[in-house]
Amino acid sequence: MAGGPSLAQRLSTFFTGLLECMGFAGVIFGWASLVFVLKSEKYFDYLCIQAENSTGNSSVVPDCSAQDEQFSLIFTIGSFMNNFVTLPNGYIFDHFGTLVIRLIGIFMYTIATLLIAFSTADTAMLLFPALSLLSSGGIVFLLTNIQVGNLFDAHRSTIITLYNGAFDSSSAVFLLVKVLHESGFSLKSMFLFIAACSVGHVLRTFFLMPRTHIPYPVPKGYSYGVRCGKAGGYNIGDDPSKSSMAMAGEATADPMLKEDEARDMMVVKAGAEPSGPSFWSYVFSKLFGLHLLWLSVMQLRHYLFIGMLNATLTHLAHGDNATISRYTNAFAFTQFCGVFCAPWNGIIMDRHKRGKKADGKTKEADSLADLRSSVLSLTITVVQCVLFSICAAIPVLMVQYATFIFQVLNRSFLYGGNAAFMSIAFPPAHFGKLFGLVMTLSALVALLQYPCFALVKNVLDKDPFYVNIGFLIVVLLAFAHPINVFLECRRREKKQLEEGQKQPTVLDDEAKQMQDESIL
């Protein structure tokens, strides 16, 4: 990458992005730990009803199912916003670039942490907008950091999945909040500190991130950050004398760049319209539809588990507060391990690149190899979710340790695999919009978690066993996606073979015609 970003700059961007995702991006998914703190601070405590216990003596135990339902509703809305806003975020990211969307995301995140910091038991309703803004701002950190993988070509999928794993691990931040709260730190001081960290996000936005996008592959002369200029071709729009076609011409002047790569560079430029199939043709494709099914059913399974965890542990532990705290800590600790699990998925998806140098393959052949490598990853992810669902359905407290392990492993594979697959299967020019759309549509499906929680509370006497069995069956539908991708790879291979056989025939006909003309 001569003439491009230096190794030091690329590594600085990579490691600060990893820290950003791990410390801030997905903290909402540590909700179970924060709920424990909020309950100790008497949030929604008025919803608890003093009822006589089953022994009929004078002692009473509080029935806090209405309080649990309120916390579940907050998480449902927050997790919904985490995905739903990805579509408008993706549109802004595609059309206005990294700088604009990050500043918007940082603003939302800062407001969210301030709302939590200044909330009290009397103003507990502030948690509704706070959690929505927290998740909406956090997903921007992940969305804008995914492109950092473009700086490391041979390890692109590994880095994308690593960032998604860091996103999962960030849920352990609320475990740290819980531990510090038990040590005497106030909720207000901790969230004021998190809000102050936004200064670091702003500095990174200007110094270690591009104003628009990081192209793939990265052309020679490309730069970003404070040195970002016209060398990379992504700020050429500042000069009205140069058009998109001029930019493509400058790119192809480099013999190391192919024509199709230059075309990809051109369409990633903010505001440019891509050539080839339209955005909507990809949206209505079977590949996109089954990927949406694959993501939606497993994501709903995870959201329901996280949203109901405190209530489930309360049911299994028979209200023993010490036991609930211990299992909550164990769950949060396993979430931190997501950053170590996610790269395994990236290694699986990048396995065909190891030890191979550029051999003159066409871009289509490379794309097919990437798509083929994703089949194993997609299949393993579904198998993990099946094992997670089986453990979650077993109403034994000790078994939940295994449930926690399978949950974090599967969640790391799920989101890392989702982002990596979207970057492989669809063109870069539409990545932001398609990634946003699939997350938004899956968010609509995720809203089913609240009626499921109400079903458990009001109909099933707080026992989630039958709901867990039902989800085990639904998760099996996700196997349709890797099967479809496998068949799609075979179809494309067959098409390439047919085109390869036709090409020599055409050349032979031309040679024969030239020979006949020479005789005449």
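Predicted model: local features only at pLDDT ≥ 70, side-chain atom pairs only at ≥ 80, totals over all residues.
Figure 1. Gln449 belongs to helix α20, which spans residues 449-458. Once neighbours within four places in sequence are set aside, the contacts of Gln449 are with Phe75, Thr76, Ser79, Leu300, Tyr303 and Leu304. The C-alpha atom of Gln449 is separated by 9.5 Å from that of His302, although the two residues are 147 residues apart along the chain.

Figure 2. Leaving aside neighbours within four places in sequence, the residues in contact with His291 are Asn418, Phe421, Met422, Val438 and His481.

Figure 3. The largest nonpolar core holds 116 residues, of which Trp31, Phe71, Leu127, Phe191 and Phe426 touch the most other members. Helix α14 (residues 286-316) gives the most to this core, contributing 13 residues. Phe191 touches Leu34, Thr113, Ile116, Ala117, Phe174 and Val177, when residues up to four places away in sequence are not counted. A second core, separate and made of eight residues, includes Cys452, Phe453, Val456 and Phe471.

**Figure 4. The two faces of helix α21.** Helix α21 covers residues 465-475, and its buried residues are Val467, Asn468, Phe471, Leu472 and Val475. These residues lie on the same side of α21, because they cover an arc of only 145° around the axis. On the face turned away from this buried side, α21 carries the exposed residues Tyr466 and Ile473.

Figure 5. Asp68 and Lys39 meet through their side chains in a salt bridge, with an N to O distance of 2.7 Å. Because Asp68 lies in helix α3 (residues 65-84) and Lys39 in helix α2 (residues 31-40), the pair ties together parts that are 29 residues apart in sequence. Asp68 is buried, with a relative accessible area of 14%, whereas Lys39 is partly exposed at 22%. A salt bridge also joins the side chains of Glu493 and Arg372 (2.6 Å, N to O). Glu493 lies in helix α22 (residues 480-519) and Arg372 in helix α17, so this pair ties together parts that are 121 residues apart in sequence. Glu493 is partly exposed, with a relative accessible area of 28%, and Arg372 is likewise partly exposed, with 38%.

Figure 6. The side chains of Glu488 and Arg492 meet in a salt bridge at 2.8 Å, N to O. Because Glu488 and Arg492 are four residues apart in helix α22, about one helical turn separates them. Glu488 is buried, with a relative accessible area of 16%, while Arg492 counts as partly exposed at 26% relative accessibility.

**Figure 7. A nonpolar patch on the surface.** The patch is formed by Val383, Leu387, Ile390, Ile394, Val396, Met398 and Tyr401, which together have about 550 Å² of accessible area. Helix α17 (residues 363-393) gives the most to the patch, with three residues. Tyr401 lies in helix α18, which runs over residues 400-425, and Tyr401 is partly exposed, with a relative accessible area of 30%.

Notes:
Residues numbered from 1 in each chain as written. Heavy atoms only, no water. Patch = residues over 30% accessible without salt bridge, like charges linked within 9 Å, V, L, I, M, F, W, Y side chains within 5 Å. Areas by Shrake-Rupley, 256 points an atom, 1.4 Å probe, with all protein chains shown as cover. Salt bridge = Lys/Arg side-chain N within 4 Å of Asp/Glu carboxyl O. Buried < 20%, exposed > 50% of the residue type's maximum accessible area, 1.4 Å probe, protein only. Core = buried A, V, L, I, M, F, W, Y, C linked by side-chain atoms within 4.5 Å. Contact = heavy atoms within 4.5 Å. Arc of directions from axis to C-beta.
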